[in-house]
Each structure stands twice: as structure tokens, then as C-alpha cells.
2 protein chains.
Amino acid sequence: MSRVTTSVVEQLSPESLSVVRRAIGGAPDSWALDEIGDGNVNLIFRLSGPSGQVLVKQAVPYLRCVGESWPLSVRRNYFEYKALEAHATVAAEYLPRVLAFDEASAAMVMEFLGDHVILRKGVMQGIRYPRFSEHITDYMAQTLFFTSDLFLSAGEKKQKMKLFCENVDLCKITEDLIFTDPYRVAETNRWTTPQLDSLAHAFATDPELKVAITELKAKFLTACEALIHGDLHSGSIMVNQEATKVIDPEFAYYGPMGFDVGLLLANFFLGYFSQAGLACNPPEYEAWLLEQVEQIWSKFERKFCALWDQHLEGDYLPARLLTGDSRAARAAIVSRVRSDYMARLFDDSLGFAASEMIRRVLGLAHVADLDNIADPDQRALCEARALRAARELLLNHRKYTGIMPVLAMVREERARPAP
Amino acid sequence: MSRVTTSVVEQLSPESLSVVRRAIGGAPDSWALDEIGDGNVNLIFRLSGPSGQVLVKQAVPYLRCVGESWPLSVRRNYFEYKALEAHATVAAEYLPRVLAFDEASAAMVMEFLGDHVILRKGVMQGIRYPRFSEHITDYMAQTLFFTSDLFLSAGEKKQKMKLFCENVDLCKITEDLIFTDPYRVAETNRWTTPQLDSLAHAFATDPELKVAITELKAKFLTACEALIHGDLHSGSIMVNQEATKVIDPEFAYYGPMGFDVGLLLANFFLGYFSQAGLACNPPEYEAWLLEQVEQIWSKFERKFCALWDQHLEGDYLPARLLTGDSRAARAAIVSRVRSDYMARLFDDSLGFAASEMIRRVLGLAHVADLDNIADPDQRALCEARALRAARELLLNHRKYTGIMPVLAMVREERARPAP
């Protein structure tokens with residue numbers, strides 16, 4: 001990779017270089033460049049100078065984890081930049097600072113989060129993050145509420161949405177890898193073989209699952225609710241004991257809010273089902289992970305509803321619809337609309353959570369939580385439990401009206417003995 | 001209006017003028033210009049020359065039926081032009097031909113449909129149009145299917161959608177006049193007074209209706225399903241015994257398909273409820289109007305499903321999801337997804353139909369069918385019947401799973417005696 005690694009600094013514009021110089025000191029020939037990325041999509045570098053470090057994220061014209069056979073526009077970095085910019089207006093504290101966006105080289109220079117780790121790695125090591133559920137629910141409630149019709153006028157929303165109508169390459173990856181491939185016989189699918197062969201085959205030929213996943217995909221294609229992150233798994237979140245940062249919103253577009261909430265929940269479920277196979281953490285850690293699921297949903301719901309009560313300024317439910325009503329009538333109407341909204345959002349979140357769990361076991365891109373279980377029999381057992389819970393959720397998400405019954409079902413699947 | 005009427009020809013670009021010259025012959029000083037519009041939004045002229053006529057539609061920077069106090073961007077003509085262009089690729093036979101779009105003067109030069117009348121006028125006169133239901137269902141099935149994710153890739157759809165994200169002024173009119181004002185005390189509302197005062201007050205203060213209309217508005221704001229006409233009432237359709245032309249798609253944007261279907265059905269219901277008050281047509285004409293409703297839904301459904309069977313080429317349900325399945329399994333899956341889709345579309349259509357009926361009796365913009373009933377008691381009786389049917393549909397659209405029970409309910413409301 002030396003050609004690439006040496007060239008990223010040379011490719012930066014003079015303006016970007018001077019920003020970097022101010023941030024890390026010294027001259028370019030004194031800087032150390034290390035490729036540190038292990039992501040699926042981009043090249044990630046740490047650039048170190050005498051007085052500091054920055055992160056440089058550069059898009060290559062293909063999907064990094066597959067190679068040049070999967071071309072991908074480098075413009076995705078631009079959408080990531082615009083999403084960070086939009087989300088920073090309402091949730092800056094949970095985002096890395098962007099120092100420069102260098103369009104010509106498709107590179108973004110950002111704050112280097114040296115004192116954070118990827119949440120997934122922390123979870124695999126059994127680390128607890130006591131402030132995480134507060135932070136991530138702030139982030140989700142604020143980014144989703146304030147970019148939606150609940151807060152914005154329809155015109156403002158469409159003005160913002162317009163740009164992200166162009167972010168089609170990355171949405172296409174989701175459409176294929178989450179909503180299509182795991183439910184068909186596809187060369188790109190992979191799974192723990194031969195242990196999961198029959199389950200994978202069953203998922204690839206199950207009419208009920210195909211109908212259910214198509215309904216969710218329809219929401220992904222048509223429900224323009226908010227500027228969502230679009231890839232909010234535990235590899236897109238950096239944490240430590242004090243802070244939380246959400247990174248990598250290159251999949252951002254105007255889509256269904258439940259997609260963000262669902263992916264996050266799914267990754268905690270995947271972390272949970274992995275623990276038995278990883279077998280390196282105390283058993284109480286499983287309970288902590290499920291507790292996070294409960295906390296994430298309940299805090300998100302509470303914060304989202306609080307924003308609703310304070311900032312319902314958009315065209316969704318304009319105050320003037322209620323001008324003639326008594327205070328009690330107004331409260332009853334808002335409360336009813338809000339609870340219908342939250343019920344639908346919860347339902348969507350469960351459906352999308354199921355789709356993420358399934359694709360992480362049967363699709364192209366897996367999660368390290370499961371992949372790192374060395375014994376394939378143990379891994380397959382954990383994966384089969386996750387798949388069964390996900391199948392139940394995908395087919396029956398409408399039947400779950402609260403998070404506690406979901407947790408009960410997940411615990412029940414976790415307790416299944418090896419076949 | 002002479003300043004305006006003389007200036008529209010002078011405002012046309014040389015290119016547009018030469019198009020007009022080819023169409024109608026002669027020189028500009030030999031042309032006769034008549035303002036013929038009675039629409040709510042634009043100025044409409046007939047321009048006649050020695051060898052023909054064209055229609056010139058010019059946007060003014062305000063809502064014509066209200067005046068300069070309601071400013072409105074003239075760019076709406078551009079969206080109308082782009083919608084006509086998009087729809088003409090799939091349903092040209094049901095659209096007026098556009099000869100020139102003159103952006104500088106916000107004027108569009110179009111085929112003059114001298115041998116057509118506005119459908120609403122024909123319905124008020126009791127005229128039957130034997131080919132209408134075939135034509136309008138061709139138009140709706142083709143424009144809605146081929147601009148949706150059923151036919152297009154997600155990227156193609158978003159590319160088309162992007163432009164219409166800017167058509168916010170006219171969507172705002174719908175958001176206010178259909179989804180907000182009739183359900184609140186608003187100065188812009190009007191109704192037959194004093195006969196409907198108590199019904200109008202009841203609608204303006206009904207919590208159930210506010211909740212139900214908000215759910216429909218949410219679809220209007222977020223469901224980006226297809227490039228809809230956006231204002232498909234019987235004043236936007238020109239007909240004769242042989243042909244049907246859909247005009248005025250300036251409200252076009254990517255929205256819920258059911259909005260087009262629903263507005264059309266609603267205007268037939270309004271025509272139906274008007275007949276008793278107009279009292280100028282044979283009683284069998286009422287049955288013909290309800291027969292049209294039945295025909296419109298059933299033919300639309302049949303044609304839309306036929307397009308589904310022949311042209312399901314979009315990302316909604318890609319063929320590759322079904323590659324591993326037997327022919328029988330494939331057919332079962334497609335059929336199940338399709339029938340869920342049509343059930344939802346029917347339900348949406350009924351809800352939007354209800355919202356159109358209500359706003360045409362209690363909101364700012366009424367329909368001539370009802371307004372032309374001279375006796376206010378008779379008019380109020382017809383309007384009250386329409387309102388009660390609409391209220392039932394708005395609150396209970398989910399309970400109607402076929403068009404026949406809807407017609408039965410409508411007939412029952414029609415039979416209600418004067419209070």
C-alpha cells in the first residue's frame with residue numbers, strides 16, 4: 001500500500017495542508033503517515049506531526065473489502081462530510097470534528113480520536129461503558145428528530161433531502177447486502193459451513209422471509225423520514241468511559257428512522273449471542289448487554305418524546321391545527337399522535353434489527369463478535385441462536401409492543417442447547 | 001387584464017415565438033389572444049392564428065384565486081413541464097402536447113384542446129364518457145407504476161425525485177388546504193352558512209379527525225413512492241367521447257400513489273352527492289357516477305397488477321431475490337407481495353379521497369358541482385351527506401377492504417333525509 005500511503009498527503013490541496021499543519025505542527029516531510037483502517041469501505045490514515053495527530057479518511061473508487069471488482073464512487077466522502085455537517089448542528093458533541101474536506105482527493109481530515117476505541121472491540125472484551133446509552137440516545141434522538149418533518153418545514157426538509165438523493169451507491173450496498181442477498185442463493189453470501197448449511201439454505205428459500213424483507217426494503221426505498229446515519233452498527237461508534245463518537249455516516253440519506261435504531265439494537269443482540277462462544281468475559285456481561293438494549297430503547301423513546309414536546313415546530317403536526325382546541329384536547333391529540341408514531345418507529349426498529357442480524361450471519365459482511373469465535377461448532381451455535389431470534393423478529397415484529405418481551409424472546413433463544 | 005394579456009406574446013422568446021408561428025401561422029400582429037382560464041392558479045390564454053390555435057399557460061407570482069397576498073413562485077410551471085415530460089414517456093396519449101417551455105416568461109405553449117371539455121363540467125351536465133374509465137386508469141397505472149421503485153432502480157428513482165424536491169410551494173398549498181385548515185378554525189375556510197355551521201365547527205374541533213388527518217399528512221410528507229400528478233381532481237381532466245387528457249400537473253412530486261387515486265375517486269363522489277341538488281340530470285346518472293368509481297378502482301387495480309407482472313424491473317422486488325425458487329414459489333411470493341401492496345394502496349386511496357371530499361366542502365377551494373346548487377338548503381343537504389361519508393372513510397378507511405362496501409356506505413349516506 002506504500003504508493004497509496006505516500007500519496008495521500010501529496011494529494012491534499014494547499015488549503016487542506018495548511019489546516020493539517022496548524023493541527024499537527026511541522027512540515028509535511030516531518031510527518032508520519034500510518035494506514036490504520038480496517039473498515040470495509042475506505043482507506044484510513046493517521047497523520048502524526050510534532051504537536052498532534054489527525055485522521056485522514058480517503059475514498060478509493062471501489063469497495064475496499066471486496067476490491068476493484070466492486071466499483072464505488074469516491075463521492076461518498078462528500079455525502080459523509082455533508083451528513084457530519086448536518087448532524088453537527090444538533091449533536092456535535094457525539095461527532096468527530098471535521099478539519100477539512102478535500103474534494104479533489106476524496107479525502108477528509110478529521111480529529112484523531114486516539115483515546116477512543118471502536119465499541120465492537122470493547123464489547124468483545126467485556127468492557128462496560130456506563131455513559132454510552134445516554135450518549136447514543138442523545139445522538140439518535142437529536143439527529144433523527146431535528147432532520148425530520150417533526151421539526152422542519154416540508155420545504156426545509158426537502159431542501160436538505162435533495163442532496164442525499166444522489167447518495168445512491170451506498171444505499172445500493174444496503175439494498176443488496178441487507179435486503180436481498182441473505183434471502184437468496186448468492187455467491188457473495190458466506191456462513192459457518194457446514195454447520196449452518198441447512199439454516200442458510202432455509203433462509204435463502206423461505207417465502208415468508210422474502211415477503212417480510214420486501215416490506216422492510218420498501219420502507220428503506222420510500223420512507224423519507226429523517227437524515228439517518230445509515231450504518232449505525234457498533235463498528236461505527238467510538239467510545240471510552242467518558243465519551244461517545246459516531247463515525248462513518250457515508251451511508252447517510254433521508255430514510256426511515258427505525259433503520260438507525262434497529263441496526264444499533266441488532267449489534268447489541270449480536271454482541272450478546274457472541275458472548276457464549278467468545279467465552280472470555282464474565283457471565284454478567286451478557287446481562288449488561290441486554291440491559292443496554294432496554295436502556296437504548298427506553299432512553300431514546302423518552303428523549304425523542306421530550307423533543308416532540310419542546311420542539312414540534314415542523315409541518316408534521318403544526319400548532320395551528322390545534323389552535324381552536326382546549327389545552328386538554330391539544331394534549332390528548334399530541335399524545336395520541338406521538339404514541340402512534342413511537343409504536344410504528346419501534347416496530348420498524350425491530351424489523352430492521354432483524355434484517356441486520358441475519359445479514360451479519362449469512363451475508364457478505366460479518367461482525368468480528370461472531371467471526372472471532374475460534375471453534376466453528378461454538379460459533380455456529382451462537383449464530384444459529386441469533387438467526388432464530390432474528391427470524392422471529394422479522395416475521396413477527398408487529399406482535400412486540402414493548403422491549404421487554406423482545407428481551408425475553410432473545411433470552412429464550414440464547415438458552416437453546418446445541419442441536 | 002389587458003396589460004397582462006397583451007404582454008404574454010411579447011414576453012415569449014424568439015424560439016418560442018417561432019414554435020408558435022409554425023403551429024398557428026401568420027405573424028404575431030395577426031394573432032388573437034383570449035384569456036380563457038378560470039383555474040385557481042395560473043393565467044390561461046388561447047392564442048389563435050390563421051392556421052390554428054395554441055394554449056399559453058403563464059404563471060403569475062401569486063395564487064390566482066386569492067391574489068397577490070398569497071405569493072407563489074412562478075417556477076411551478078417548470079415543474080409542470082418536467083412532470084409532463086416525465087409522464088409523456090409512459091402515457092403520452094393522455095397528456096396535452098407541450099410545444100415550448102419559455103422559462104423567462106414562466107409560460108408554456110401547449111396543444112389547444114378545443115374539442116375537449118373539463119370533466120367536471122361534463123359531469124355537472126350529466127354527460128357520460130364511455131371511454132373515460134379505461135383512459136384514466138391507463139394513465140394512473142402507467143404514470144404511477146413506471147415512476148416507482150417497482151420499475152426503476154433506486155438510483156434512477158432518486159435521480160428523478162431530486163428535481164421535484166424543489167417543488168415545495170405547491171405541496172405547501174396541499175399541506176395547508178387539504179391536511180390542515182378544514183380541521184381547525186381558519187379564516188380561509190368557507191362553507192354553506194348557516195346550514196353547515198355546526199358540522200363545520202364539529203369538524204374543526206374533532207380530535208379523532210385531527211389524529212386521522214395527521215396520519216395521512218405524514219404519508220404525503222414522507223412516502224416517496226412515485227411521481228404523482230398531485231392534483232388529480234375532475235377539473236384537471238379534459239374529456240370528450242373519444243379521448244381523455246390529464247392537464248395541470250404543477251403539483252407533481254414524489255409522493256404517495258394513493259393521493260392521485262383518492263382525489264379522482266373523491267371527485268366522483270362529490271359529483272354523485274351533487275346530483276340531487278343540481279336536479280338537472282336523469283336519476284340514472286347517479287348510478288353511472290358510482291359505476292365509474294367501481295370501474296376506476298377495479299380497472300386501475302387490474303392494470304397496475306398487469307404492469308407488475310410484466311415490468312417488475314425495479315429494486316422493489318428484484319428478480320434475483322427469487323432465483324433459487326421454483327416457479328410456483330416465485331409466483332406465490334410475487335402474488336403475496338403484490339396483494340399486500342394493492343391493499344395498502346387501496347387503503348391510502350380511501351383516506352386521501354376522504355380528505356379531498358372534506359376540504360371541498362369546508363376548505364378554501366370548493367368544487368363547482370356543489371357550489372352551483374343554487375338553493376342553499378339543498379346545497380347544504382348534499383354537502384352534509386358528502387361530509388358524513390367522508391368522515392366515515394377518514395376514520396375507518398382500514399375497515400374497507402373492497403370498493404363495493406364503500407359504494408354501499410356512500411349510497412346509504414346519499415339516502416339520508418334532510419335533518
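Biologist: Happy to look at this predicted model with you! Which strand of chain A is joined to strand 8 by two bridges?

Modeller: Two bridges link strand 8 of chain A to a partner that runs antiparallel to strand 8.

Biologist: Thanks! Which strands of chain A stand at the edges of the open sheet?

Modeller: Three strands make up this open sheet, with antiparallel pairing and the order 8-10-11 in chain A. Each edge strand has a single partner strand, so one side of each is left without a neighbour in the sheet. The edge strands of chain A are strand 8 (117–118) and strand 11 (244–246).

Biologist: At about what angle does helix 5 of chain A run to strand 11 of chain A?

Modeller: Helix 5 of chain A spans residues 132–146 and lies across strand 10 and strand 11 of chain A. Its angle to strand 11 of chain A is about 35 degrees.

Biologist: Now over to chain B: are helix 5 and helix 11 of chain B parallel, perpendicular or oblique to each other?

Modeller: The axes of helix 5 (residues 132–146) and helix 11 (residues 284–311) of chain B come within 8 Å and cross at roughly 40 degrees. Angles under 35 degrees would count as roughly parallel, and 65 to 115 as roughly perpendicular. The two helices of chain B are therefore oblique.

Biologist: How many nonpolar residues are in the contact of helix 5 of chain B with helix 11 of chain B?

Modeller: Among the residues that meet are Ile136(B) and Phe145(B) in helix 5 of chain B, and Ile296(B) and Leu307(B) in helix 11 of chain B. The contact also holds four polar and four charged residues. The nonpolar residues number eight.

Note on methods. Residues are numbered from 1 along each chain as its sequence is written. Chains are lettered from A and ligands numbered from 1 in the order in which they are written. This is a predicted model: local features need pLDDT of at least 70, side-chain atom pairs count only at pLDDT 80 or more; totals for chains, interfaces and linings use all residues. Two strands pair if DSSP finds at least two bridges between them. Helices (H or I, at least four residues) and strands (E, at least two) are DSSP runs, numbered from the N terminus. Two residues are in contact if their C-beta atoms, placed from the backbone, lie within 7 Å. Axes are lines fitted to C-alpha atoms, for helices over the stretch in contact, and angles run from 0 to 180 degrees between N-to-C directions. Angles under 35 degrees count as roughly parallel, over 145 as roughly antiparallel, 65 to 115 as roughly perpendicular and the rest as oblique. Ala, Val, Leu, Ile, Met, Phe, Trp, Tyr, Cys and Pro count as nonpolar, Asp, Glu, Lys and Arg as charged, and the others, Gly among them, as polar.
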